[in-house]
Amino acid sequence: MKELYFTIEEARLGIFESPTGTGKSLSICCGALQWYKDNKQRTIENIEKEISQIKEELKTITDSEDWLKAEYEKIKKNQALTALQFKLDKIKKHEDLYFEMKSRVSKLKNNINQRSNENYFKFNNKIEKESENNKENIPVDQEDEDDDLIVDNQDMKNDSDNEDAETGIKDENESMNKIYISSRTHSQLSQFIGEIKRTAFKEDTRVVTLASRQHYCINSDVAKLKNVHLINERCLDMQKSKTNATSIGDDGKVLKKTKTKSCSACPYYNQNNITKLKERMLIDIMDMEDLVKGGKELKACPYYASRMALDEAQVVLISHAGIVSSGARSGFALKLKDNVLILDEAHGLAAALENAYSAPVSEIQLSLVRTYLNFYINKYRARLSSKNLLQLNQIAFVVGKLLGMLKPKTEQKEQSETKIYTIEDFVVKAEIDHINLRPLVEFCESARLAPKLHGFSMRYSQQALEDQNKKVTVSQKSSFEKFISNISKTPDSSPIEELNENIKTSPQTPSEGSAGSALYAVLALLRALCGRSAAGRVVARQGSGPSFDHLLLDAADGFAEVVSQCRSVIVAGGTMEPIEEFRELLAGNQPLDLRLNVLRCGHVVPPENVVALCLSKGPSNLALNFSYETRMSKELLNEVGRILRNICSIVPGGVVCFLPSYSYEQTVYEHLKNNKFIDGISRKKSIFREPKSATEVDQVLQKFATVVRNKDADRNGALLLSVVGGKLSEGLNFSDDLGRCVIVIGMPYPNIKSPELQEKMRYLDRKAGGNAGSMYYENLCIKAVNQCIGTKGY
């Protein structure tokens, strides 16, 4: 804890490696909170000292011959004194408000405990009745029915209102210093909540856990949308007025109003209840589950309660995805400047950066967007402004060009092929280099085209739109066209038949999914193309499952902005080797001349109690060669069976065995079962296998722990077959008897033939020179092994 405190206090950047999971979390919490407490006390003392000094200086200023200068000095000193006194009063006022908040929360808890279940069910029935009334009040007039789907200039005018609703209430004054603690998953963040409750700081520490609406929304009508972007848009829609003005007179008065489905207010967006939940969150240290439960009790939105509590929080917990993505940071309104950032489970930081800048788009999504976008334009062409119609046609053109790149030419056979382009080469290849993509993306965001297209695709089926297009085209034919079609002898020249043929050959998209969610994926790719990063690449996959994806080759480019803003940045983890990767990540493209403190903590198990062995040969003296060509041989698999049988006969308690992949684990298990090795192992230990479903992991772990702890005369523990990089390879502590032996079979090297990996290695060779690409490839394997064995067996 003292070393971590020193890193926050003295060093600009820090690398903290501790192989003990729970101890590491506790050290991070204690070190950070102690620094926060001391820093706050020092701030108060420094302000009081400056105030006293200024008062003494004011006494020494006397009226002299240069009275103008003396008065100027007095005014200057008084202004500085007022500013310091205001800052000191603000700090003390925060403490007074905190004690008042404690009293209100205590009374609120008593009221909740006294509340009967009858009131709760009355509230739910009220919500259901309001939603039914909203549905019944939707007008059926065809002209007004689709008003909520039309892209109008009014949508872009109201975009600032949406931003205000998204940002929430902000304090105009400067917010207090904060400690941001980030981890890979929200379950790991919940561990921090438990660790903070164990410390002496639990009584006066204000903690907030930030998450997206997808995790916090308790409105079933919104949460059922699944897609996070659609959930965000629907939430913002429900904060608007219940009625929209569709007709305005010359005097500015509203002549006609209409109510739509998307404009029904959310019953949980109640500012009084949200404030109560915010205060309860700041007083009681709550994890995500507690916050959601409290939101349901108070009928308040947990998402906006956490956003409202952000300014008053001292410790903010957030996932890696919320930190590394600039869009997520702006969405949460995070203020990293001069604050402390601690990134736990830092081994996944590079992957989080790559995922944040990834933008996968499949051929099905492109086809879905193009189909419904064309239907949308044709249906509402007369009701769209010329500017909006032009931009919609440009978007349809870009989507069509992207789709054309994925579809193989008719004379070529469909082959599985992956090509990687630089961003400049890609836009030229796609023939969209003459179009400025940034205004198109901004138009789609400001006009909120994606949720409108989503509603359009949900309201109208593709077959109904095709039938309507045929009727409209036929009815609009002029008499001259009818005459020409009647006297024409060539059936191929019939415009009607040509239209029908085009409709028949139009791309048939699956009924699953939404055009709106597909458009979000397309916009993510276009946004990445606007960046034109030198480390950015576009991966084009053809053949089965054709798709595009954006690839960021240099993670430091996306992390440089975060490092430059924070007062201190600390990356922490149980398995941080090789450490050079994190040095480069913190330094970015700048020379590492900043203050960097590297802290390595020893293992809780003394070295004399740990035995590390590398087996090159098995019990029958067979060489253990797990290369791709030989790992499926019967002799090698038999040797694996003998090794496991012998180890399980000698080692008591739990044995955890890691294999390179799920498919290879299945192969090994089937071979051991067919050749009676499983029977021999089962006499000594119960056998468990890592499930592919995340929902079954806890159940398997509980059974494994129960068998290990309840020893009997016949069996001396259990064997758990796991997968490198799987659900059991990190974030779990197999302590004491649960992990007396850890086995890694084969070295988990990634596929060297992967085009993305080869491009990354070539980029590193050009940037760093030498064999940087090969070192990166070796490090991927080392990191995977370290993560499996680093926190097991203590």
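Which residues of H12 are buried? In H12, Asn273, Ile274, Leu277, Lys278, Glu279, Arg280, Met281, Leu282 and Ile283 are buried, where buried stands for under 20% relative accessible area, exposed for over 50% and partly exposed for what lies in between (1.4 Å probe, protein chains only). This is a predicted model, in which local features need pLDDT of at least 70 and side-chain atom pairs count only at pLDDT 80 or more, while totals for chains, interfaces and linings use all residues. Residues are numbered from 1 along each chain as its sequence is written, and side-chain values use heavy atoms, with hydrogens and water left out.

- Helices (H or I, at least four residues) and strands (E, at least two) are DSSP runs numbered from the N terminus, and helix H12 covers residues 271-283.
- With its 13 residues, H12 reaches 18 Å from its first C-alpha to its last, close to the 18 Å expected at 1.5 Å a residue, the expected span being 1.5 Å times one less than the number of residues.
- Ser306 is found in helix H14 (residues 302-309), and it counts as buried because its relative accessibility is 1%.
- Not counting residues up to four places away in sequence, Ser306 touches Val208, Thr209, Leu210, Tyr216, Met281 and Leu291, contact meaning heavy atoms within 4.5 Å.

**Strand E11 and its partners**

- Strand E11 (residues 547-552) is mostly covered, with 6 of its 6 residues buried: Ser547, Asp549 and Leu551 lie on one side, and Phe548, His550 and Leu552 on the other.
- Strand E10 (residues 536-542) pairs with E11 in the antiparallel sense over 6 bridges, where pairing requires that DSSP finds at least two bridges between the strands.
- The bridge partner of Val539 in E11 is Asp549, and in the hairpin of E10 and E11, with 4 residues between the strands, Gly543 takes a positive phi near 105 degrees.
- Strand E8 (residues 361-362) is joined to E11 by 2 bridges and runs antiparallel to it, with Ser362 standing opposite Ser547.

**Aromatic rings**

- The whole structure holds 11 aromatic pairs, for which rings of Phe, Tyr and Trp (its six-membered ring) must have centres within 6.5 Å, with planes under 30 degrees apart counted as stacked, over 60 as edge-to-face and the rest as tilted.
- The rings of Tyr303 and Tyr304 have centres 5.0 Å apart and planes at 85 degrees, so this pair is edge-to-face.
- Tyr372 and Phe375 also form an edge-to-face pair, at 6.3 Å centre to centre and 80 degrees between the planes, and both residues are buried.
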